[in-house]
Amino acid sequence: MAEPAAAPAPGRRRRVLSAVLTVLAVLVVWAVLVVPDRLFRLTPEAFLRIPVEGLAIVGVGLLVRRHRIRGVAVLLGLAIGLLAVVRMLDLGFRAALLRPFNPVTDWQLLRPGIDLLHDSIGPGRAKVALVGAVLLVVLVPAAVTVSVVRICRVATDHRAAAAGAAASLGAAWLVCALLAVHLTPGVPVASRAAAELAVVQVREAARNVRDLSAFRAELAAPDPFAALPAADLLTGLRGKDVLVVFVESYGRVAVEGSPVSADVTALLDAGTGSLRDAGFEARSAFLTSSTFSGISWLAHATLHSGLWIDSQQRYDQLLASDRFTLPAAFQRAGWRTVVDVPSNRDPWPEGREFYGFDDDLDRHDVGYAGPKFSFAAMPDQYTLAAFERLELADAPAPVMAEIDLVSSHEPWTPIPRMVDWDEVGDGSVYDGMPAEGTAPADVLGDADRIRELYGEAIEYSLTALISFVTTLHAQDDDLVVLLLGDHQPAPVVTGQDATHDVPVTLLAADPAVLDRIGSWGWDAGLRPGPDAPVWPMDAFRDRFLTAFD
C-alpha cells in the first residue's frame, strides 16, 4: 500500500505565498503606471508596456539603505497611489468633457456631479455609485502603497536578480522608445504615462495661478457699455419681451454631420415654415461655447458677461466682480428680468446679486405636480407654459428672461410627449409617461441607442419651443427669442474631435428687429448652414448691445 504524499513544508508554502504576493504587487503597480489617458484606449494591448516609473521603483529598492527603505517606499507608494486616483478622474474628465482634470478648481464640481448623478439614475443607484467611488479612492492608494513597499523590499533583499531584471527591461524600454514601438495607436510600449500625467497636472496648476492675475486684469478693463445711461440701452428692443432660451446639449452635432442631424434639420426646416406662417422670421449661426458636454453655467456666464469663462476659477472670480451683464442691461433699461431654471432645487442668489435678474424661478416656484423625467424635473413644454402663465400673461412691463430647457439633458431618456397647450395644467397630464420610455440604465454602453435618444430629446425641446411661439404668440410683434445651445453633448454622441460650436438663432415677428442684425450675415431660418458665421460666445454680448443700442 502506497504511503500518502507528504504535505509541503511550511517554508516552501511561505516561499510560494511570498512569490505570489510579489507578482500581485508588480501587477498592481504595473497596471496603475501604464493605464492609458483615454477610455477608448483601454485595451488589453495597452497594458503590454514597460513603465519607466516601475524601473525607477526598483532602482529605489537597490539604492536606498535597508533601514530606510520602508519609509521611502511608503511615501513613493502614496504618491503613485494618489496619482492613480487623479488618473481615474482625468480619464473621466477627458471622456465626458474632452479636457484634462484640473487639480486646482475641478474639486468644486464634486457637488454638482453628485446632484447630476442623483437626478439622472435615482437616489438608490447614486448612493451605490458614490460608495463605490469612495472605496476606490481609499483602496487604490492603499493597495498601491502596499505593493510599492513590497517591490522595494524584494529589490533590497534580492539585489542581483532585481538589478538584472531592471537592466533588461531598461534596455527593452530604450529600444522601444527609440523605435517608437506601439501595439495600440497612441499608446507607446515605452511608457511614461505616470510621469506625463504628473507634468500635465503641474502645468494645469501653474496655468491656473497665472490665469488668476490675467483674468483679474480683464475684469478691471474699462467696459464702455457699463457706463451707458438707461435711455441709450437697448433702444431697438423697447416694448419687446426678450427670451434667451438655452437648449441643453444643443450642439453643432445636432444639425450637421451626424446620424441624428437629418431628423433634427428636417424639424428645423419645417419649424422655419411654421414660424413664417405665424409671422416670425429667424436668422441663425454658430457660437463657440466655452465648455463641452457639461458645466453649463460657464457658457451662460460667457454669453451674459462678454468674457471667456472656461473654468470654475474664472466663474468664481466673475461672480465676485461687478461686471455688466446682459440681464443687468435690460434691467437698467426698464425690463423686468427673470431667470427660469427648472433644474435648480434651491434659490440662486447669484442671479439677483450678480447677473441682475429681478426674480429667480426654480422647480419649486412653478406649480409643477407631475413626475420627473430622469434629470429633468419637468418637461420643457411645462416650463414654457408655466412661464407664459406666471410672467408673460398680462405683464405690466416688458420681460427679459433666461429660460433653460433641460429635457435634452443627458441621459436623454425618458422623453416626454407633447400635449395640447390647454391640457398642460399642473403637469399631472404627464403621469405615467416616464414609465413609457427607456430607463437610463437600459442603454448604458449602447452608443448607437444613446445617439438616437439624444436626437429625440433635442427634437422634443425644439418642438416645444417652436410650438410655444407659433401657438401662444402667433403674429406677436412684441416677442423676440434668442435660441441657442449651451454646449455640445458628450463624446459618445460627438466623437473625440468635435468642435465646441453650438447653434444660435434670433427670431422675431417685427422686421425691424432682424434689420438691426442684417450686417451679421447670419443664415435665414432656424438651421445654420455649414458655412454660417462662427463667433466665440464671449463676443455676443458686445455685438448684441451694439446692434440694439
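Start with the term for the first stop: a patch joins residues with over 30% relative accessible area and no salt bridge, like charges within 9 Å and nonpolar side chains (Val, Leu, Ile, Met, Phe, Trp, Tyr) within 5 Å. A salt bridge is a side-chain nitrogen of Lys or Arg within 4 Å of a carboxyl oxygen of Asp or Glu. Lys and Arg count as positive, Asp and Glu as negative; His and the chain ends are not counted. Each charge is placed at NZ of Lys, CZ of Arg, CG of Asp or CD of Glu.

The model is predicted: local features need pLDDT of at least 70 and side-chain atom pairs pLDDT 80 or more, while totals for chains, interfaces and linings use all residues. Residues are numbered from 1 along each chain as its sequence is written, and side-chain values use heavy atoms, without hydrogens and water.

**Stop 1: the arginines.** Select R12, R13, R14 and R15. They form a patch of positive charge on the surface. Now keep R15, which sits in helix α1 (residues 10–34). Helices (H or I, at least four residues) and strands (E, at least two) are DSSP runs, numbered from the N terminus. Is R15 buried or exposed? R15 is exposed, at 58% relative accessible area. The cut-offs are under 20% for buried, over 50% for exposed and partly exposed in between (1.4 Å probe, protein chains only).

**Stop 2: helix α9.** Select residues 296–305. Here 9 of the 10 residues are buried, so the rest of the structure largely encloses this helix. Among the buried ones are L298, H300, L303 and H304. Step just past α9 to G306, where phi is positive, about 75°.

**Stop 3: P379.** Select P379, in the loop between β8 (359–361) and α13 (380–392). P379 is buried, with 0% relative accessibility. Which residues does P379 touch, leaving aside neighbours within four places in sequence? Show Y368, F373, S407, P416, Y430 and Y460. Contact means heavy atoms within 4.5 Å.

**Stop 4: the whole chain.** Zoom out. The chain holds 18 helices and 13 strands. Its C-alpha atoms fill a box of roughly 100 × 65 × 40 Å along the principal axes. Of its 549 residues, 50% are buried. Among contacts between residues at least 6 apart in sequence, 76% join residues at least 24 apart. Finally, colour by charge: the mean positions of the 46 positive and 66 negative charges are 18 Å apart.

Note on methods
Accessible areas come from the Shrake-Rupley method with a 1.4 Å probe; for residues, only the protein chains shown count as cover.
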